[in-house]
Amino acid sequence: MTGFSFRADLVDECTATTGAVLGGQDGFGAFPDAGGIYGGAWQGLVFVLTHHPDDAPHTPEVTF
């Protein structure tokens, strides 16, 4: 992509100020590895909002 840039410290700022990540079932289905958030630089709570939590795979670091 061209024409897009961000501050060099943006990822560090996001990892320091994000308390939890809330996502949907489609996003979780596409990226089920919670350890990959911000390239693996962030550790914290992950919540997935879904109408069908029983259909989701068991993932210890994610709350459905």
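Me: Which residues does valine 21 touch, leaving out those up to four places away in sequence?
Reply: Valine 21 touches Ile37, Trp42, Leu45, Val46 and Phe47. Contact means heavy atoms within 4.5 Å. This is a predicted model: local features need pLDDT of at least 70, side-chain atom pairs count only at pLDDT 80 or more, and totals for chains, interfaces and linings use all residues. Residues are numbered from 1 along each chain as its sequence is written, and side-chain values use heavy atoms, with hydrogens and water left out.

Me: Where is valine 21 found?
Reply: In strand β1, residues 20-24. Strands are DSSP runs of E, at least two residues; helices are runs of H or I, at least four; both are numbered from the N terminus.

Me: How far is valine 21 from glycine 44?
Reply: 7.8 Å in space, C-alpha to C-alpha. In sequence they are 23 residues apart.

Me: Is valine 21 buried, partly exposed or exposed?
Reply: Partly exposed, at 24% relative accessibility. The cut-offs: buried is under 20% relative accessible area, exposed is over 50%, partly exposed is in between (1.4 Å probe, protein chains only).

Me: New topic. How many aromatic pairs are there in the whole structure?
Reply: The search finds one. Phenylalanine 28 and phenylalanine 64 form the pair, and it is edge-to-face. The centres are 5.2 Å apart, with 85° between the planes. Rings of Phe, Tyr and Trp (its six-membered ring) pair if their centres lie within 6.5 Å; planes under 30 degrees apart count as stacked, over 60 as edge-to-face, the rest as tilted.

Me: Which parts of the chain does that pair link?
Reply: Distant ones, 36 residues apart. Phenylalanine 28 is in helix α2 (residues 25-30). Phenylalanine 64 is in the segment after β3 (62-63).

Me: Phenylalanine 28: buried or exposed?
Reply: Buried, with a relative accessible area of 7%. Phenylalanine 64 is partly exposed, at 32%.

Me: Zoom out. What pattern does the protein chain follow?
Reply: Along the sequence, α-β-α-β-β. That comes to two helices and three strands.

Me: Why call the chain more spread out than a compact globule?
Reply: Because its radius of gyration is 14 Å, well over the 11 Å that the globule rule gives for 64 residues. The radius is taken over C-alpha atoms, and the rule is 2.2 Å times the number of residues to the power 0.38.

Me: What does the C-alpha trace span?
Reply: About 40 × 25 × 15 Å along the principal axes.

Me: And how much of the protein chain counts as buried?
Reply: 14% of its 64 residues.
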